[in-house]
Amino acid sequence: MPRRGESVPFAFVAEAESFRSNVAPPPPPPGGAGQRLRTALGALGVVAGLVGALVLGVPALDTGENGGTAGTQQEAARGR
């Protein structure tokens, strides 16, 4: 019975707690070989993407203190 000032749908929601079942749903069926293969290939793709980002990104983060720019400036100064 709804309380005074409370609309009917909220009363049903409040009473729903007392009608919950204690029976758990059955577990999902185990994955087959195809499902395991899809999961493994997905994980391999993610790992390959991260490794590729590192391989391409680390040289771009190089500051160049020990390398290329100082040598080219010296060669340009000699060419004058």
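## A tour along helix H2

Select Val55 first: this residue is found in helix H2. Helices here are DSSP runs of H or I with at least four residues, strands are E runs of at least two, and both are numbered from the N terminus. The model is predicted, so local features need pLDDT of at least 70 and side-chain atom pairs count only at pLDDT 80 or more, while totals for chains, interfaces and linings use all residues. Residues are numbered from 1 along each chain as its sequence is written, and side-chain values use heavy atoms, without hydrogens and water.

Stay on Val55. Is it buried or exposed? Val55 counts as exposed, because its relative accessibility is 56%. (Buried is under 20% relative accessible area, exposed over 50%, partly exposed in between, with a 1.4 Å probe and protein chains only.)

Now select all of H2, residues 33-60. Zero of its 28 residues are buried, so H2 lies largely in the open.

Next, colour by pLDDT, the predictor's confidence in each residue, from 0 to 100. H2 has the highest mean among the elements, 94. Helix H3, residues 68-78, has the lowest, 59. Where pLDDT is low, the predicted coordinates should not be read in detail. The protein averages 77, and 56% of the residues score at least 70.

Finally, zoom out. The protein has three helices and zero strands, in the pattern α-α-α. Of its 80 residues, 1% count as buried.
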